[in-house]
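Colleague: I have a new model to look at. Please walk me through it.

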Amino acid sequence: MSNIIEAKGLTRKYRDGDSTTTALDNVSIELPEKESIAIIGTSGSGKTTLLQLLGGLDYPTSGEVFVDGKSLKDFNDNELSHFRNKTIGFVFQFFHLQDYLTAKENVALPLIVSGKDSNAAYLRAEKLLEQVGLSNRINHTPKKMSGGEMQRVAIARALANKPKIIMADEPTGNLDKENAKNVLDVLDKISESGVSVLMITHDEQMSHRYQHVLHLDKGSVIQKGNK
Ligand SMILES: Nc1ncnc2c1ncn2[C@@H]1O[C@H](COP(=O)(O)OP(=O)(O)O)[C@@H](O)[C@H]1O
Ligand SMILES: [Mg+2]
């Protein structure tokens, strides 16, 4: 079976004047297609840095990332953003929705941007909102939704271009317990449907939901496990 994610020896150093921070130090990771992984670590352990490297949002100081069998090194900027848009769906802690657009318009946006006919885009957006349990919020703007609902809109949007993997950076970090559970349940369903999920969290208790777990501490892998 092939790996959706494969990275070897990832190091990312940030230079700030005379000082250098090693945010990530020689991290390797593999995730088979259609499987899920939790990346766990305390604040500052390098989780976001790792997600950005694996998602092609940032470049490693050394090491190489393969996503769906392609080395991200081999792409120019345009090719990389095209590849990213069709392969990866991102979900962030603070939703990043457009405030003046409805749920349906937010989800349809990436489809319209990638050239899909707007009627078809809205139809697909409605289906995706149904899938995340929001058929009753289709025409709501973010202001009229709870944080958990906004995050589910963001998840529906991340699914719009049928990605092979969802990368989520502490998507429940800003939610109360009940909303957090709803969001995690939705992501579990997505994972069961055959989309890989890479979940970043500082919450050890979430790890049981994922097939693989990687623990980071001070930029290094301290533990790797499989269910
Ligand atoms: N753009 C940046 N410039 C300088 N240092 C950074 C930058 N981003 C992150 N860091 C540092 O790298 C380390 C890891 O950060 P990060 O990946 O955000 O950790 P986490 O997501 O686990 O909280 C921290 O020490 C952080 O301060
Ligand atoms: Mg972070």
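Modeller: One term before we start. Two strands pair if DSSP finds at least two bridges between them. Also keep in mind that this is a predicted model.

Colleague: OK, start with E7 and E8. In which sense do they pair, and over how many bridges?

Modeller: Parallel, over 5 bridges. E7 covers residues 165-169 and E8 covers 196-201.

Colleague: Which residue of E8 stands opposite Ile-165?

Modeller: Ser-196.

Colleague: What is the strand order in the open sheet of 6 strands?

Modeller: The order is E6-E7-E8-E3-E9-E10. The pairing in this sheet is mixed.

Colleague: And which strands stand at the edges there?

Modeller: E6 (88-91) and E10 (220-226). Each has a single partner strand, so one side of each is left without a neighbour in the sheet.

Colleague: How many degrees does the twist average from one strand to the next?

Modeller: It averages 15°.

Colleague: Which strands does helix H5 lie across?

Modeller: H5, residues 147-159, lies across E6 and E7. It runs at about 165° to E6.

Colleague: What about H6? Which strands does that helix touch?

Modeller: H6 spans residues 177-192 and packs on the sheet. It touches E3 (36-40), E7 and E8. Its direction makes about 150° with that of E8.

Colleague: Back to E10. How many bridges link it to E9?

Modeller: There are 6, in the antiparallel sense. E9 covers residues 212-217. Asp-217 stands opposite Ser-220 in E10.

Colleague: What sits between those two strands?

Modeller: A turn. E9 and E10 form a hairpin with 2 residues between them. Lys-218 in that turn has a positive phi of about 50°.

Colleague: New topic: the ligand. Which residues surround ligand 1?

Modeller: The shell includes Tyr-14, Ala-23 and Thr-42. The stretch Ser-43, Gly-44, Ser-45, Gly-46, Lys-47, Thr-48 and Thr-49 is there too.

Colleague: How does that shell divide into nonpolar, polar and charged?

Modeller: It has 2 nonpolar residues, 7 polar and 1 charged.

Colleague: Which helix gives the most to it?

Modeller: H1, residues 47-54, with 3 residues.

Colleague: I'd like distances. How many Å separate a polar side-chain atom of Lys-47 from an oxygen atom of ligand 1?

Modeller: 2.8 Å. For Thr-49, an N or O atom in the side chain is 2.6 Å from a ligand 1 oxygen. Ser-45 comes in through its backbone, with a polar atom 3.2 Å from an oxygen of ligand 1.

Colleague: And what percentage of ligand 1 does the protein bury?

Modeller: 59% of the 570 Å² that ligand 1 exposes when taken alone.

Colleague: Where does H1 lie relative to the strands?

Modeller: It lies across E1, E2 and E4, at about 120° to E1. Those strands belong to an open sheet of 4 strands, with the order E2-E1-E4-E5 and antiparallel pairing.

Colleague: Why does one side of E2 and of E5 lack a neighbour in the sheet?

Modeller: Because E2 (19-32) and E5 (70-71) stand at the edges, each with a single partner strand.

Colleague: How many bridges pair E1 with E4?

Modeller: E1 (residues 3-16) and E4 (residues 62-67) pair over 5 bridges, antiparallel. Ala-7 stands opposite Val-65, and Lys-8 stands opposite Glu-64.

Colleague: Which way do the side chains go in a regular strand?

Modeller: They alternate between the two faces of the sheet.

Colleague: How many bridges join E4 to E5?

Modeller: There are 2, and the strands run antiparallel. Val-67 has Lys-70 as its bridge partner in E5. The hairpin has 2 residues between the strands, and Asp-68 takes a positive phi near 50°.

Colleague: Last one: Asn-3. Which side chain does its side chain make a polar contact with?

Modeller: That of Glu-6, at 2.9 Å. Asn-3 lies in E1. Further along the sequence, Asn-3 touches residues including Glu-30, Leu-31, Asp-68 and Gly-69.

Technical notes
Residues numbered from 1 in each chain as written. Chains lettered and ligands numbered in written order. Predicted model: local features only at pLDDT ≥ 70, side-chain atom pairs only at ≥ 80, totals over all residues. Heavy atoms only, no water. Axes fitted to C-alpha atoms, helices over the stretch in contact; angles between N-to-C directions. Contact = heavy atoms within 4.5 Å. Near = heavy atom within 4 Å. Polar contact = N/O pair within 3.5 Å; in protein donor to acceptor, adjacent residues only side chain to side chain. Areas by Shrake-Rupley, 256 points an atom, 1.4 Å probe, with all protein chains shown as cover. Nonpolar A, V, L, I, M, F, W, Y, C, P; charged D, E, K, R; others polar. Lists of a residue's contacts leave out its neighbours within four places in sequence.
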